[in-house]
Each structure stands twice: as C-alpha cells, then as structure tokens.
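Please read the points below with the sequence and the structure at hand.

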Amino acid sequence: MTEEDSSSSSIPKFLENISGEGKSIGVLTSGGDAQGMNAAVRAVVRMGIYVRAKVYFIKEGYQGMVDGGANIIEAKWESVSNILQVGGTIIGSARCQAFRSREGRLKAARNLVRLCITNLCVIGGDGSLTGANLFREEWSGLLEELAQNGEIDKDAVQKHSYLNVVGMVGSIDNDFCGTDMTIGTDSALHRIIEVVDAIMTTAQSHQRTFVLEVMGRHCGYLALVTALACGADWLFLPESPPEDGWEENMCLKLTENRVRKKRLNVIIVSEGAIDTQNRPITSHKIKELVVKNLGFDTRVTILGHVQRGGTPSAFDRILASRMGVEATLALLEATPETPASVVSLRGNQAVRLPLVECVQTTQDVQKAMDERRFNDAVKLRGRNFEGNLKIYKRLAIKLPDNQISKSNCNVAIINVGAPAAGMNAAVRSAVRVGIADGHKMFAVFDGFDGFAKGQIKEMDWIDVGGWTGQGGSILGTKRTLPGKYLEKIAEQMHSYNINALLIIGGFEAYLGLLELAAARQKHEAFCVPMVMVPATVSNNVPGSDFSIGADTALNTITDTCDRIKQSASGTKRRVFIIETMGGYCGYLASMGGLAAGADAAYIFEEPFDIRDLQSNVEHLRNKMKTSIQRGLVLRNESCNVNFTTDFIYQLYSEEGKGVFDCRKNVLGHMQQGGAPSPFDRNFGTKISARAMEWITDKLKESQGTGKKFVNDDSICVLGINKRELMFQPVAELKKVTDFEHRIPQEQWWLKLRPLMKILAKYKTSYDVSDAGKLEPLQSQQGPFHGEPANI
C-alpha cells in the first residue's frame, strides 16, 4: 500500500477483524545468528497466539524441518518469556545441506503437512530466504509426490494446497537490499563501538595506530558505519576499493594527521576488503605497510564473533518486534496468489517487499563486485549505503585550502537545551562539511547565554577531531531562550557577520527558533537561513520522528530494566516500577516498555485512571499464577500529577499483598549521560551534514545579490517523517504543536503502543491500516515532499 492509499483510506482496519482460527504458523531461524532474532520469534509467537492461530517452533532451522519429530513443537505464550534480552536464537540455527536437495524438501513438506503448517515465517539471510521461496514454489508438486508415495492422503493435498512464506532478515552485516536495517546490525555496531572507544583511549596514550577488522565478507556496512561513528582515518570496503596507489595516499594521510598533533590513527577494515583487481587487502598487510613506511607503533585487532554476541540493543528489539508482528499479519492476509514477501524497514516504516526481487538485487551486488563494477555495487546497496560513504569521504579527508573555493560566508553552530548524547557528533559533522563547502565555521558556547556574551570561536577541521564518541555537549548548552537577549544576539551576529545559523537541541531550541523568526522584522541580523537539528532524549520536537540522543537514552533504560529483571531471577513474584524521563512525552516509557517487555507503561498522552491501575494489578496477579512470576511497569515522569511513582508503588504493594511484592526505581539523569550509541553518532553525523548542505544551497541563492531571508522556508526544522527527510518551516510546525505540554499534537510511536500490550497479553484495539500490500523494490518512494530518509 502506498502512503497515498494508506492516508486516504477512510475506514481503518483493525486487528480484531483478522483471525488466525484454524491456521498454523511455523517459525524458524536459519543461517548465521543475529541479536534480536529472539525478539522476532517472540513477536511471531505471541501475535499468532493472540489472533488464535497455532504457532510452531521449527528448531535448528531447515535441518529441524527436514528431521521433524521433536524439532517441530507447538509454542506456548510462556515459551517465549524472558528471551528479549538474550542474544543468538533460542530455537537454534544450522546450515542444512539436506534441504538443498529435492529429497530433503520432500521430507520437510511431509513434516509440515502432518502438523497442518502452511504458513512459514523465516528469519535469516538471503540464502535462507531463497530456500524458502524455492520450497514455496515446489510445494504443490512436493505434496503430489508425497501422496503418490502414500506418505500423505489426497485430502491433505487439497486442504494444504499452497504454502505462504514471509521472511525477516536477520543478519549483522546489513547485506540485504530493500531494507534500511536488518535485525542484528545495530547490536553488532554496539559491540564494535564499545571496542573502538576502548582502543582509542589506549592508542592515544601510546601514540599508536590501530587496524581494526570487522565482519562483512561481502558487505562493508559495519566497517562503513564504524568509520563514520569513530572518525576513522582510513577505511577499506569490498564495494568501494581504494584507488591504485592507495598505499602512498594512506601513509600520507596518517602522517598529516600526526603532524596536526593527532596522537592516534584508526584504520577500519572490512574482512572482505579488496583492491580494484579483486585481490584481498588484509589487516596484517596494512599493519606491515604502516610499520615499514612510517615506523608507527601499530596493532591489529580482529573482532571476530564477538560482534554476533551479547544482548540485543533497544533498536534491534523494537525493530524485530515490529517486523515479527508485521510478518504474522502478512501470513494471515496471504492468499494462494500472494508471492513470498520480506518485511523491511524503509525510513521509519515497516513495509512488505517481494522476496525474489530483493534477493536478486542482493546477488547483483556481488556480481557487480566480481565484475569490478564497483560504482554499480555501491548504488545497488541502496541510498543508505551510498549516502554513508559519501559523508564519510567528506568528513575524513580535508582538501588542501587552495583547492576549496571560499564562499566568504560565516556559519554559526549552537547547542540549546539539555545535553543529549550525539550532539558532539552533529557539531563535528557540521563544522567539517561547512569547511569543505568553503565557509568559516563558528561555534557558540553555552547556548543563547553565551551567544549574547560573545562566547564565539572560529572552529578548524582539527578542532572537532575525536568528538563523535564524546557524550554530553562539548560546546556547553543551556535551556535559556533568546527572547531577553535578542538585541545582544543580533549585535553579535552583526559583529561576527554571521550569514547562517545551525541550532542543535531540543524543545527549547525549537522555541528559540520561533522567537528568532518572530524577531526578524525588528532585527535584520536574523534574516539569514536558520535550521534546527533535533537533539533531545525526550524525542518531543515537532517535525521529526527521531531526535539525536533518544536512542542512547532508550538503551540506558533497556539495559537497566534487564538488570533489574535479572535481580529478580532468584526472587519469584516481584513487580518493578521504573520511572523514565521525557517530560510530558511518553516516547521513552513506551518504546522502553516495548524493548524491555514491560507489562504496562503509563504516559501522559494516554490518560488513565484508578480503574486502569486496578486492571493492571489484576493482570499481574493472574500472571503470577503462571510460570512467568515477575512484572515490569514503566511510568513517564509527567504522566499524571496525582498518580506519582510513589502512589503507584504503594497501590501495587497494597493490592499485590500475598501475591507479589514491589520495588521502584527512578532512573533520573543517567538517561542523558554516557557515550552516544552507534545510532545516535551515525544519525547525528548524517542529519547535521544534510543541514549544512541545505545552508550552503541557501547561501548560494543569495550570493552577490545581498538577498535577505525573510520567507518561512528559510527557517526550518530538519527531521525524519515516516520515509521522508524533510525541512519543515517552524511557522508551519507551530500549527501542530501542543506548547503547553511541549509535544507534537500527533506522535507516530503512539501507534506502536498496542503492540506492547498485545505482547504482554492484554486485549486491545490495534489499527493495522498501515499494514498493506506488496510494494515494488525500486519504487522506494510514494508521493513525497521531501527526500528519502534512511535510518
């Protein structure tokens, strides 16, 4: 379904009208394991049971399907309890040679038919999905052959005449075309970035060069995003080999960085890195080259399977849960004519794409690399990969000053509001893109306070080196609005001849932008292009589905919930009440609840009363009678003035007497701290670079004309809206803002609230109007007003 179809649909479609009565779903994980697979399995099982379908685990992938017997067992609600935080896959995965033969597929078909399983959910890579599609195409022929052999009766052939197949891609390499992100990629990046951050401190101490090899035999996505997220000096990818003579160029670059007083060098290598002749470039070869030519103290670290391990990130849990639910809906809605589909992520939307097309394009990438058509390989990987590579090159390599055409424009960057992890990555990106575009870049320290006092400094390329991994705000940030300083800020803008302004911050930044827009009539200095990049843990800025810093906060909440739940493993019948930040915005509580497997999440946007609290207590009392004897309840800090965390804790304690006991925890400012997550580093880097490109385009429009910017479209918020990256004028956003509660009037994540309730076994209403038909792979966009957004 296109965006147009979805929005113009006047009759919402609800889950209550979808029934799985009489249907059986088999779920398997195949190929390499990936963190988040368990969240996907859990979502398929619980959504399937919720709509009254039978769901079966198929253990050990296709091997279990071929062997049958105890490998195919019915899943119960409790079967998938307490697995969200577990890495790998609880139902096992195995390479299966037998399934490659028709004889093996005959055995698999017989085992499925005997249990009436005609709906298959496959979580794996492109090889696993290709096998599933072949199995689907052969299904009727396999059944006919089984009937002829007397292994099944003729009625079974008629009754189970077709097989529905829906795939989800579980692969840490993010090597599947058609989706912005595969399950497991974000978690693998977490493992890598933890190591990179640790290595950078020791490398700096000893002035070392580190060569870090990450996974990706055929796809360089992990290496590329790692390089972006840590500001690596050099990068080796299979899709984009270095040009001939790279050895001298790399050594020159490393030397230049040391001359600029940089105490360390980081080189990121994808395990499948090659040169333009398709010869492998190994990490040990790179080390030998650096030692021989430069004499630098050099170390090699090969991360290996540690990247596949560990607990899944909040992003992967939410992604896998959304995809698992969407895959179940796709299976229930499928007809004999429905082709095999794969559930993918486009921008911020789950979509269904034709499996065969996606697999073919993925295989075309390898073919292009084999034929040394590397530009084609990069394009086939998709806009996300191509965009990341372009930005990395812009930020990693500074052209000599005499090769940069000067714009004679000065651009200022300011952080406003509370600190958010990823702000520094955004500042670094903006400074370097601005310098590459020929501007002079100025940093404003301590928000609008500092702006009024003239705490402004010109920033050079090297000044922002090493900023991507730093938490908080190096520039300093304050909640103060510009209103009372307008005269002084205008003077400073005139004094420094500021031609454009980039604001990085939260709701205060948005309010500040509105005040600057209103002051344009009085102060000519504000008639310049201004753009805001949202950065706040609350994720409450109108005009964007995501804000820099929210992902890091979500991971903090999820990790804490995991530890709290683990603390109850030896104590049965315990309920934890956790208070999260977010002001009046319930994003952190809701998405944290979905990622941590909470039983309830209380938020301001969804009013509740004492009857709802009583209902939740009763739900938990019933839950304690099962084998799942623990509960988790999240509460947004401003969800209700009377139903405080203490009140809810005391109510639960009183009502749960004799059945469960309670503990409470207020997470507080730890949600704002810590090193930024890979998502926030990457998102901050990309969105800030795009904001600077917009500023450059605007300044080019006025070059030599002395044009003053007074139109609404010259003062915008840049954000992701569904599948679009959009510059939206603040004048327009005012109309969709709840200023009293500092939130947008409509928030996309509220549609995901019912998922948390369904997966916690509550009966609820869930609008599935957005779930739709297959979309073609190439037509990635609907009727757009912005640019394609890539997560």
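Predicted model: local features only at pLDDT ≥ 70, side-chain atom pairs only at ≥ 80, totals over all residues.

1. Which helices supply the lining of the second largest cavity? At least two residues each come from α7 (185-206), α8 (221-230) and α23. The most is given by α23, with five residues. By class, the lining of this cavity holds eight nonpolar residues, two polar and two charged.

2. Helix α23 (residues 678-702) also packs against helix α15 (residues 423-436). Their axes lie 8 Å apart, at an angle of about 35 degrees, and the crossing of α15 and α23 is right-handed. On the α15 side, the contact is made by Ala-425, Ala-426, Ser-429, Ala-430, Val-433 and Gly-434. On the α23 side, Arg-681, Gly-684, Thr-685, Ser-688, Ala-689, Met-692 and Glu-693 take part. The residues of this contact comprise six nonpolar, five polar and two charged.

3. The lining of the largest cavity draws at least two residues from each of α11 (314-333), α19 (550-567) and α20 (587-596). Helix α11 gives the most, with five residues. Sorted by class, the lining of the largest cavity has 13 nonpolar, two polar and two charged residues.

4. A last point is confidence. The mean pLDDT of the protein is 93, and 97% of its residues reach 70 or more. Where does pLDDT fall below 50? Residues 1-10 form one such stretch, with 13 contacts in the model beyond near neighbours in sequence. Over residues 780-784 pLDDT also stays under 50, and the model has ten contacts for these residues beyond four places in sequence.

Note on methods:
Residues numbered from 1 in each chain as written. Heavy atoms only, no water. Axes fitted to C-alpha atoms, helices over the stretch in contact; angles between N-to-C directions. Helix = DSSP H or I, 4+ residues; strand = E, 2+ residues; numbered from the N terminus. Left-handed = near helix turned anticlockwise from the far one by under 90°. Contact = heavy atoms within 4.5 Å. Nonpolar A, V, L, I, M, F, W, Y, C, P; charged D, E, K, R; others polar. pLDDT = per-residue confidence, 0-100.
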